[in-house]
Amino acid sequence: MARAQGDGIVVLQSALIEAHHVPVPNANPGEENVATRIELNVNGKMQKIEAEPDMPLLYALRNDLGMNDPHFGCGLAQCGACTVLLNGNAVRSCALPVRAVGAGKVTTLTGIGTPEKPHKVQAAFIEEQVPQCGYCLNGWIMTTVALLDKNPRPTDSQIRDALTGLKCRCGTHVSILRAVKRAAQA
Ligand code: FES
Ligand code: FES
């Protein structure tokens, strides 16, 4: 049994690694997608990388800049684990080519608060003891930050609308809802 579980983990890891390296189709077939120098404004700091313009922003953040706060989940814009803010809007960085970022301001989970001074949304998720495995939480927190910046007192249905499409395999949805409401009242 233990061996079967171990094998499963290896298969899962391989699948994630392979998915990570799936080439991204050139969104502009008429243009060459060759590595070029790209500047990104991440958490208020200008960062230079060499990358193909169609490479997803998530790869730039995790592989080129060594950040581990946006997570690789589905790689298909369907789970939200990779969410970052682009000019204050929640975007799925696994599906956003770096060329589309331009001079935009990218903010990640580590850019909104610190363990010593967490953002009110981070604090609310801690106070409500939301995390189980924690893998998905980047998406819920960053999407909530974007929501409350635009709508500080959302209704329940506005919260549900904003968070639609985010996935949590651990089933923490009820406590997430409590945390979002707590943050809205902070
Ligand atoms: S990893 Fe980007 S939405 Fe799932
Ligand atoms: S806390 Fe585990 S996937 Fe959400």
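Predicted model: local features only at pLDDT ≥ 70, side-chain atom pairs only at ≥ 80, totals over all residues.
Reader: What is the mean pLDDT of the chain?

Author: Of the chain's residues, 83% reach a pLDDT of 70 or more. Residues 1-27 are another matter, with pLDDT below 50 and, beyond near neighbours in sequence, 10 contacts in the model. For the chain, the mean pLDDT is 87.

Reader: Okay, and what pattern does the chain follow along the sequence?

Author: Let's count the pieces before putting them in order. The secondary structure comes to seven helices and five strands. Going along the sequence, the pattern is α-β-β-α-β-β-β-α-α-α-α-α.

Reader: In what order do the strands sit in the sheet?

Author: The five strands make an open sheet with mixed pairing. Its edges are strand 2 (45-51) and strand 4, each of which pairs on one side only. From one strand to the next, the twist averages 40°. Reading across the sheet, the order is 2-1-5-3-4.

Reader: How many bridges join strand 3 to strand 4?

Author: Strand 3 (residues 83-86) and strand 4 (residues 89-92) run antiparallel. They form a hairpin with two residues between them, and Asn87 in the turn has a positive phi of about 50°. One of the pairings puts Thr83 with Arg92 in strand 4. The number of bridges joining this pair of strands is four.

Reader: And which residue in strand 5 is the bridge partner of Leu85?

Author: Look at strand 3 and strand 5 (residues 105-107), which run antiparallel and are joined by two bridges. Leu86 stands opposite Val106 in strand 5. For Leu85, the bridge partner in strand 5 is Thr107.

Reader: Which strands does helix 5 touch?

Author: Helix 2 (residues 57-64) lies across strand 1 and strand 2, running at about 100° to strand 2. Helix 5 packs on the sheet too, and its direction makes about 25° with that of strand 3. The strands helix 5 touches are strand 3 and strand 4.

Reader: How far apart are the axes of helix 5 and helix 7?

Author: Two packed helices are described by the angle between their axes and the distance between the axes. Helix 5 (residues 137-150) and helix 7 (residues 173-185) pack at an angle of about 35°. Helix 5 passes helix 7 in a right-handed crossing. Their axes are 11 Å apart.

Reader: Which residues of helix 7 do Trp140, Thr144 and Leu148 meet?

Author: Those three residues are the helix 5 side of the contact. Taking both sides, the contact divides into six nonpolar residues, one polar and no charged. Over in helix 7, the residues they meet are Ile176, Val180, Ala183 and Ala184.

Reader: Why does Asn33 count as partly exposed rather than buried?

Author: Asn33 is found in the loop between helix 1 (2-20) and strand 1 (36-42). Its C-alpha atom is separated by 8.9 Å from that of Met55, 22 residues apart along the chain. A residue is buried if 20 or more other C-beta atoms lie within 10 Å of its own, and exposed if 12 or fewer do. Asn33 falls in between because its count within 10 Å is 19.

Reader: What share of the chain's residues is buried?

Author: For the chain as a whole, take the contacts with a separation of 6 or more: residues 24 or more positions apart account for 58% of them. The chain has 186 residues, and the buried share is 34%.

Definitions and conventions:
Residues numbered from 1 in each chain as written. Chains lettered and ligands numbered in written order. pLDDT = per-residue confidence, 0-100. Contact = placed C-beta atoms within 7 Å. Axes fitted to C-alpha atoms, helices over the stretch in contact; angles between N-to-C directions. Left-handed = near helix turned anticlockwise from the far one by under 90°. Nonpolar A, V, L, I, M, F, W, Y, C, P; charged D, E, K, R; others polar. Pairing = 2+ DSSP bridges.
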